[in-house]
Amino acid sequence: MSQTLPPLLSGRAREIFERDVQGLRRGAGKAFLVVLLLQWVAAMLIAWLVAPYTWRGAQSSVHQHVILAVVGGAALNSIPIGLLVTRPDARFTRHAVAVAQMMWAALLIHLTGGRIETHFHIFVSLVMVALFRDPWVLVTSTVVVAADHLLRGVLVPQSVYGVVGPSALRFLEHAAWVSCECGVLALGLRSSRVSMLENADREARLEQMNHEIEAQVQERTRQLEAGHERFRALVENTNAVPWEMDLRTRTFSYIAPQAGRVLGVDLAQTNGGRGIWRHIHRDDRVAFLATLETAASRRDQASDGFDYRMVDGAGNVRHVRSMFSRVTGDEWLLRGLTIDVSRQKVMELELRQAQKLESVGRLAAGVAHEINTPVQFVSDSVRYVKEAVADLSELLEAYRALTTAALDGAEAKALAGRARAAEDDADVEYFLENVPVALERSLEGLGRVASIVRSMKEFAHPDEREMTCVDLNHAIQSTLIVATNEYKYVADVETDLGEIPKVTCHGGDVNQAILNVVVNAAHAIGDCVGASGTKGRITVRTRQQGDHVVVAIADTGGGIPEAIRGRVFDPFFTTKEVGRGTGQGLAIVRSIVQEKHGGRVDFETETGKGTTFFLRLPIEGRGAKKVEVAA
Amino acid sequence: MTISSISARRALVGAAVAVWVAVLVAGVASVRAYSFAAGEQSAAPAIWPIASGIVRESGSPTLLVFVHPRCPCSRATLAELRALLPVAVQVEAVFLRPDEVGAGWEKTDTWAFASSLPGVRVRTDVGGHEARRFGVHTSGQVLFYDAGGALRFAGGITISRGHEGDNPGRRALAAALEGHAPPSTPVYGCPLETSREAR
């Protein structure tokens, strides 16, 4: 226990100290209220039990002790109790209580007939008085006791000391005992005061610290709220819809309010509920769920984005894209962003169509050349037949004349000779041998033209909005026809088309993808063979692998350099010279195969040897896994 | 609150406290006065009265203590007597029973206490005749007659009403038991006789 006073206290510490001391004094005051009253009751009981009556013969009257206890006790308590009630904190009140308490000791000693045990009341009273935490009150108590001892010790020493004619030292001995107790109590008060001052100082410092912390917390809270409000305004005033989903229950723990406006979602049904399912297009629910399950099973922290369709309350279909990532520290929580890409999809469709037409346009010269050759065949063949028919007509005329002359009985020998000469001129043998060939060639040529035209028609036809079942082998063949002029000078094409089922897809887009890869392969081979006159080889294979079909397009070009292998699918990335390519080809291939069809495109390459591109397409279309979706 | 009202209030409180202190002092004085107010005492017979109904044992000193059975102060007298209890002395505790009361009135806790003292005979003084014969008016008075029947001591043996402890009366009795003749001492107790008005 510290015996030294703490350093200079702050004003607040002093306030706390005074408050604590006042609290203790008030507590002591309340205790004394009870004690004074109890002592009064005790005095009346003692007086009544010990000496209730005084007698004169057979007559009795109330003993003076009883009157003393009732009236004297009331008088003794009057001022202290009155002050304790009206002025509990006044210094004078404490002194008045001290005087009354010590007087009670004298009264009780008297009522118990000087009983030695009752004298202990004095020492107990001093301790009680010390509860006021005021050493001056101890002084008052001691003065009262000393005055009583002194007075009675002089006048009736036996009542104080129990003997007649005590020495003066007896008074000092009594005084010493009382002083000793007061001294110990005073030391205790001082020590208690020091502790209380230290506690008050500590409390004041803690209060100060608390205020500072509270101020900081309030400031931080204000900043957080401002930041939160700013963030909220930022998040909820865009056309992107942030959300949070619990993968275990497949419910949204949060979805931004603009979802109603941007996505047409019924927020009352969606937040915390499973109502989102009714807004996902029926045909995309399986794929959507598969994406979630993949996110749940994989440890990948983020997805690149997943496109699907949503249906709003009015039945309108919107194309949306969701990007999400797992929440750090919670493997079951996804946070993501969904945007309406309907307009973008329309533009992509138009762009794709434009690109398709651009491809068609680019290929037009080649196609025209391809058509021109068979048309030339047809033209030459038809011309030959025309000339042959002209010659045959002259022969026929000669034979007619001969026939007429023979029928008329005229000399036919000369006519026969002219017919023979006409036959020789017509070269009938040659005619009979070559006209069928010419006609065959014409039919072939027309067939080729028809094939090219049909292929072009199929290629350039806009896609249906829904997927259809497509024979990929046939599509590959059509595409190869269309692209003939791109590769025929630099490469031979071999096809190894396996037994594959029809694939649910957008046929036009798949054709576009295959065309882009084939054209790239032709360009790669062309860069290698240059003007050497040699040709490379483009091999197209199709195989079924489980629930996918793989189209492998291999070339014998120079391969893809390692430095750029990671960028070949990047939009607008190209190694070709200006005017020869826009860098969109492989980007479009990836967009079509992966994003639109949920497939996969990758490649194997060896520098100097060539490159093989693999296009993997799901047979049943995007989201092929059959999973029940609870709405 | 104005300065004048504060001053008036303080003056009022000061006056109340002064009155209180005065009342306390007066109370203390009153208590002291009562406690040290000795009872009536007359001269006791110098020689044992032959007419007394109390029979003295021949050759034995006799000590009488007269007690009002319901006086609260006399218990202290008996307690002081217990401290002395002389040997070879006939000790008689004479308990008053006024005429106005019935038998058994005197059989109180004080009677039982006196009965418990070794060597003390307890007797009833019906009507207070013995008390009058010996000139005793106040409860707690002690009379000591020597073996020859001469009075050696008459007085009280407590310091004040109902208080035990060393006192001049006890010392005087002790001196008388040793053969001395100390002076009389005040008796503190209840009067034995009913007032004339009450009779």
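The model is predicted: local features need pLDDT of at least 70, side-chain atom pairs count only at pLDDT 80 or more, and totals for chains, interfaces and linings use all residues. Residues are numbered from 1 along each chain as its sequence is written, chains are lettered from A and ligands numbered from 1 in the order in which they are written, and side-chain values use heavy atoms, with hydrogens and water left out.

**The interface**

Chain A gives 33 residues to the contact and chain B gives 39 residues, where contact means heavy atoms within 4.5 Å. About 2,800 Å² is buried between chain A and chain B, and carbon and sulfur atoms give 68% of that area. Buried area is the accessible area (1.4 Å probe) that two parts lose on being put together, summed over both.

How many salt bridges does the rule find across the interface of chain A and chain B? It finds zero, a salt bridge being a side-chain nitrogen of Lys or Arg within 4 Å of a carboxyl oxygen of Asp or Glu. Five residue pairs, both residues at pLDDT 80 or more, are in polar contact across this interface. A polar contact is a pair of N or O atoms within 3.5 Å; within protein, one must be able to donate a hydrogen and the other to accept it, and residues adjacent in sequence count only if both atoms are side-chain atoms.

On the side of chain A that touches chain B, the elements giving two or more residues are strand S1 (53-56), helix H2 (64-86) and helix H3 (91-111) of chain A. Helices (H or I, at least four residues) and strands (E, at least two) are DSSP runs, numbered from the N terminus. H2(A) provides the largest share of this side, eight residues.

**Strand pairs in chain A**

Strands of a sheet pair through backbone hydrogen bonds, either parallel or antiparallel. Here two strands pair if DSSP finds at least two bridges between them. The table lists antiparallel pairs.

| Strands | Bridges | Opposite residues |
|---|---|---|
| S1(A) and S2(A) (residues 59-62) | four bridges | A:Trp55 and A:Ser60 |
| S3(A) (residues 240-246) and S4(A) | four bridges | A:Asp246 and A:Thr251 |

The hairpin of S3(A) and S4(A) has four residues between its strands, with A:Arg250 in the turn at a positive phi of about 55 degrees.

**Two open sheets**

One open sheet has five strands in the order S4-S3-S7-S6-S5 (chain A), with antiparallel pairing. Strand S4 (251-255) and strand S5 (306-311) of chain A each have a single partner strand, so one side of each is left without a neighbour in the sheet. The twist of this sheet averages 35 degrees from one strand to the next; axes are lines fitted to C-alpha atoms, for helices over the stretch in contact, and angles run from 0 to 180 degrees between N-to-C directions.

Another open sheet of five strands has mixed pairing and the order S9-S11-S12-S14-S13 (chain A). Its edge strands are S9 (491-497) and S13 (600-606) of chain A, each pairing on one side only. Its twist averages 15 degrees from one strand to the next. Helix H14 (residues 472-482) of chain A packs on this sheet, touching S9, S11 (536-545), S12 and S14 of chain A, and its direction makes about 170 degrees with that of S9(A). Helix H16 (residues 507-529) of chain A lies across S9, S11, S12 and S14 of chain A and runs at about 150 degrees to S11(A).
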